[in-house]
Structures are given as C-alpha cells and as structure tokens.
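Here is a walk through one protein model. Start at a single residue, then widen the view.

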Amino acid sequence: MIRQMTGAKMVVQALKDQGVDVIFGYPGGAVLPIYDEIFQQNDIRHILVRHEQAAVHAAEGYARSTGKPGVVLVTSGPGATNAVTGLTDALMDSIPLVVLTGQVPTFMIGNDAFQEADTVGITRPCTKHNWLVSDTARLSATIHEAFHVATSGRPGPVLVDIPKDVQFASAEYTPPQKVRVSHYQPQRKGDLDAITDLVAALEKAKRPIFYTGGGVINSGPAASQLLRELVEATGIPITSTLMGLGAYPASGKCWLGMLGMHGLYEANMAMHGCDLMINIGARFDDRITGRLDAFSPDSIKAHIDIDPSSINKVVKTDIPIIGDIAHVLEDLLKVWKARGRKVNAEAIAKWWERLDEWRRVDCLKFTQSGPTIKPQYALARLEALTKGRDRYICTEVGQHQMWAAQYLGFDDPNRWMTSGGLGTMGYGFPASIGVQIAHPEALVINVAGEASWLMNMQEMGTAIQYRLPVKQFILNNERLGMVRQWQELLHGERYSSSWSEALPDFVKLAEAFGAKGILCKDPADLDDAIMEMLDYDGPVIFDCLVEKHENCFPMIPSGEPHNKMLLGEASTKDAIKAGGAVLV
Amino acid sequence: MSPLKIKKGSSKHSAYNLRPTFSDVQETHTLAVIVDNEPGVLARVIGLFSGRGYNIDSLTVAEVDHTGHTSRITIVTTGTPQVIEQIKAQLGRIVPVHEVHDLTVEGPSVERELALLKVAGDGEKRVEALRLADIFRAKVVDSTLGSFVFEITGAPEKIDAFAELMRPLGLVEMARTGVAAMSRGI
C-alpha cells in the first residue's frame, strides 16, 4: 500500500516505526508542522524543556540509562545553535542521539532568512553525520538511516535538518524495512588471530590488568556480563575510566577503582607497573594516560575497540582488535576456554600482593571533623543511605564529579551519567530529567556543584511540569572548585573569577518553582537531611554547604606519569612543572 | 613480544594494515577515497583535515560513477607514519566514505596532474619557451603575439620542472588541477 503523507506526519510516523516513545524538544516557527502532528497523536510523548541545550542533555541521559537512542526536536537558527554543546558532548562520549531540527523553507536557504542558520555546516564537526533533507520523498528514508548511523558501530549523535516546506509537502512514506541497505556497516566481529594472540599473552602475563571504558557500556548489557565472567574466571584486576563505571561491579573482588587524573592510587600504580594492559572500549584519553612517554612503560598493550581510528591514535598498540566488545569478549572467552583456561596463577597472586599494598595506602581516606561538612563525607553518606536502591546518578562537571566517581559505587551499567570527554558544566540536571523520564519509579540523583547547576537551572520548570522527583544534591562550596584547585596549584593562589558570588537562596529558589528545598550545613544533620530528600515525592534541591577549600585528591599533576601521584595537600608544593602548566 | 602477525588488508580501514608507526620521519602519501557524491562530502573531508591539523598538499575531486553516485577524492598528504595511519582511519569513519586506498603503500601507481601555464615574452625567449614545451610535450592551447598558454600533463615533478624552466622565460600565471592517481595493474 502506498501511503502518501506530509513530511511532518512522516517524521512522527518514522519515529513510531523506530520504536521511539519519548522525545525532548522545544517548538519554534520552523518546526510547527511537526509539533502540530505531535499534538494529534498519543504514541510519542513530547517533553518540553526550557532550553534546547537541556533537550540534548536530557536525551543523553535517556540514552545512557536505557541503551536506546535519545531523540530531540528543536527549531531552526537559535534552536539548532543551542543544541551544539549537547551534540559535541554526545560525540565525545559516544552517545546515540537523533536530533531533528527545523530549517527555513528550501527556497529561502542562503538568504539570511529569519531564524536561519547553516545548521548542517555548523554541526558537521559535532555530529557523527548529518543531513539536510531537501525533498519530502527522501525524508522518511533519511530518518531511518539516521537511526541506523547513530546506533551502529561507535554510537554518536546525528542530525536531520528539515526545511519547513519539506514538512508541508506530501510524498510516499518509506517504512524502515523498505529502506535501501546502508553501506555503513561497521565490523562487529574481531579478528580471530588477534584474539588468539591476546589469549596467548593473557596466559603468560605476570602482572596483567583490564582497563575498561565507556565502550563496554555502549556495547550493551551482554558486554558487561561477558566482562564480569572473564574477570571472575581469570582473577585479573580491573580498573575503569570515568565513562566505564558500572560495567564491572564496584563490589566485585577484582575491582581496583577508577583510574586517571583523579583515579585511585592502586589503579594508577597498577597501570604503571603492569606487564599486560588489556584496554577494552577505552581510548587512552589524556585524563587517563598522564605523561605519554612514561605511560605504563613495561607493558604489552592490547586494545579492543569498534572504532579503528582509536587504535594507535595516542598510544602504540601491540595487539589491536577491532570489533564490538560483546562479540570480541565472547570469542575471547571461547578461545581462552578452548585452550584450557590457563593463567599464570602464581604470578598473579604475587601481583595481587603488591596491589593490596597499594590499596593499604587508602588514598580516599578523609577525616570528617569540625563543624563543616566535607564533600567526601557528604558523598560517603549519600552512598551509604542510597546503596541497594534502584538508583541512577548524574553529575555536573568539576570536583564534585570526581568525588562522586570516587565515593559512589556502581554495581550495574547504565547507572552513571556524566560528561566525560567534553566536560560540560550544566549537563547533569537535564540529564537527570532524561533519566527520570526513562525510569519513572527509580531514584535519580544529580550530584552537582552550585556553579555547574546554575548553568541549566531553568530546567526546574521541566521537573515540576512533568512531576519528576529528581534529587539535586548540590555540594555548595561557593567556588568553582576545580578551577580554584588549579589556581592554587598552578597560579600562585590567585583566585581569578573562581568564586560564586551572589548565589541564590536555593531553598527559596526551590520553593519559587514549587519544589522542595533543603539546606544542610551541620555534619550532625546530614543523614536526616538526606533521608528527608529521599523520602520526599517530588523534585528536591539539596543545598549542602561544604568545606570551601577542599581539594580533590589523589591527583596526577599535569605532565606527570601515573607513579607521580599526589595523595594530599602536603605533596602539592611545586608539583606541576612548566611543561605541565600548558596542559589543561 | 614479537610483532603481531597482522594480515595486510584485513580491514579496508587500515588498522590491521599496520606499518611501523610512531617514527618522526615525514612521509608523503597519495590517498584515493571513494565517497557518495552528496552535498557536503568534500566539506567533511576538508573539515577533518583542518579540524585535526593534518596537511593537504593536493586535493582533487570529481564524480566517477554517475549511476552509483560516487565520487573519487585524491588527496596527497604529508605526515609521520602514525599520522598517515590516523588520517586513513579518520577518513574511514566518515559515513559517506566507502573506501580508503593508500596508493603509496598498496603497490606501484601512476600519478598525473594537468597544468596551464601562461608565458609572456617575445624574441628569443618566446622561441625557447616553445622549444622547451615541445620537449615536455606541452600543448599550446592559446597564443597571442606576446604570449602562450601551455597545457601540460604529467607527474607533479615534471610539471614542477617545466614551471621552473618557464619562470625565467616569462611565466606570469599558472593553474594546476592537483593529482589524480591510480594503482598500476589490476
């Protein structure tokens, strides 16, 4: 049956056929026909955000917590340009998104029309791919292709720009099963010879380590399951990047904690001292490697990644394996079992003795004393009081983000939403909205700093409108804490513009929106206050006044290798040398 | 550990096609990239090179298969072996890119470029220009009493050499197409 319909109707039909049940967006002149179609149906729920950037971050939270692509609908011009930060964030962290933008009608493109922007030009470097659809007959097939590209291979954001006349015109609808097979088909199975080489290296290794990343989460729940099986069966220690937390449970016996610039001492020392590093779905980011020429000097490096350009980009790889993590781990386990499940058990037991020595340094220890709440204490209590609940954690960006990664434990994938690659302040609040939409019954907490949180605070309106009980746990030090920390270490304690003056009264702010506000400044009140937040059925702004000058440790100073970690205040003097000062 | 036995051509996007990387030697490579002939595809390729700081020595593009809507982009680029491998892998990530061939490592290839050179002069210089053009098998495609426009085809080095010879004889303008290249044999 040939189905003629308008472009606007096609958009809604294509989203339904792709299994989309919720989209995040903000209307405007160039998308009115699509909004009119959304109004006339009930299958797809539209969540009205208060700023287009928040629509994209909410879709990221939705995608990261469900494994499904997030969908965004915004208007032309400013709608599209406001989405750019979110697109870049999703590209850096490999989050599948389909962003639909309105565009001025085709005959006005290039004439500097009202609310016109060269959206495909502006978003070309910050999307995995984008399309300007100039013919209604191509619209439905393009949207289906967009979903394919966003979710295949290394996931990422894509954008479809739809001029208003294309939305009004009619053409035949192409259902997903009739779309021409895309030539874009990334390789999923890893090369068996390379996998066998990795197994051979693994059997002999004396000091092996798994270094996992967001790729394991992106590959889906099967990848996490296989990873757990592999780690448990071999007894090899495992560390993870910020993006990969939860793939292997924090309560697991082989867990070393997060690695990297603010990673755990034992994890970074193990990376430095290992003789076989098995990178699974991570990308040797500069937050992880520290000084490259001194990065893990004595190890064979294996790298499993679905993106060939990640291989040998910064660190030379001895055993590259290109493929989807779940597929490769499945084959890896098969080969390892078929060869007799061998590991160098004696050497690994010795390796664990050394790891346990490093663990005894207890790099995250802190002392809660005095009348002020330490941020670490606030997170330790949050962890204790929410453990075991159906819990999702989002963060903003800065010190609080690193403390959350250090002090909260994640036992499952898709439970941790944070802006890793781009480091977008203002990410966490809208992301928590997206997560709560996807998981209405779950406990969703956004661990925030007061400065980051203010960047998208307008989303309180969205939280109230949709009755989303998101908990905004703000560690308020009245400072841009991470900036302040770097100014202390690098710029002679000249705190240039790094304090938050004229902060709002967060309790009154919450009340002004119709939410609940809680102020807590006494460590003795903290538990009761957190319980009050958890028990309240609705959005809460929790203003937790914390120690203002607390620094985030451990820390690998810029330009130094893993074994030159700073463990606390005493070690910071002149820690960063001139070469490191130019690094971010 | 011995270097991995990686089969050449295991992946068209090159990661298994590893040559010794991480050396400081600058190499010049000619890449042939088959892409969908769609709006913006050239901008994606050029944006990749500028965004990631790679060099473009020469770039040509034209549709080569009208029914299949594919174009061929020939890029000459310079970098360390690691950068060259990274360029190929990054090109392979671009969605409308079908194939990336490194003609420099895939065996012998031919490279050709076309150039137009305007040479102005009279008397002995004019005669000498015409004589040299004949030696280089350059064609005269326009002539006035005071000038010639020569058309010359060949490897870029040949065009460089011809241009050097024409410079003292009154070279006033030059237009070059950039390199088109193809592997030899089947």
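The model is a predicted one.

Where does Gly246(A) sit? Look in the loop between β10 (238–240) and β11 (255–258) of chain A. Now check its surroundings. Setting aside neighbours within four places in sequence, Gly246(A) contacts Ile217(A), Phe410(A), Asp411(A), Asp412(A), Pro413(A), Arg415(A) and Trp416(A). Take Pro413(A) from that list. Along the chain, Gly246(A) and Pro413(A) are 167 residues apart, yet their C-alpha atoms are separated by 4.4 Å.

Next, the domains. Chain A is assigned domain 1 (4–178), domain 2 (192–360) and domain 3 (375–552). The C-alpha centres of domain 2 and domain 3 of chain A are 31 Å apart. Contact between these two domains of chain A involves 13 residues of domain 2 and 14 residues of domain 3. What classes make up the domain 2 side? It has 9 nonpolar residues, 4 polar ones and no charged ones.

Finally, turn to a pair of helices. Helix α12 (residues 265–273) and helix α15 (residues 345–360) of chain A have axes that come within 8 Å and cross at roughly 145°. The crossing of α12(A) past α15(A) is right-handed. From α12(A), Tyr265(A), Glu266(A), Met269(A) and Ala270(A) take part; they meet Leu355(A), Trp358(A) and Arg359(A) of α15(A). By class, this contact of α12(A) with α15(A) counts 5 nonpolar residues, 2 charged and no polar.

Conventions: Residues are numbered from 1 along each chain as its sequence is written. Chains are lettered from A and ligands numbered from 1 in the order in which they are written. This is a predicted model: local features need pLDDT of at least 70, side-chain atom pairs count only at pLDDT 80 or more; totals for chains, interfaces and linings use all residues. Domain bounds come from an automatic or database domain assignment. Two residues are in contact if their C-beta atoms, placed from the backbone, lie within 7 Å. Ala, Val, Leu, Ile, Met, Phe, Trp, Tyr, Cys and Pro count as nonpolar, Asp, Glu, Lys and Arg as charged, and the others, Gly among them, as polar. Axes are lines fitted to C-alpha atoms, for helices over the stretch in contact, and angles run from 0 to 180 degrees between N-to-C directions. Helices (H or I, at least four residues) and strands (E, at least two) are DSSP runs, numbered from the N terminus. A crossing is left-handed if the near helix is turned anticlockwise from the far one by less than a right angle, and right-handed if clockwise.
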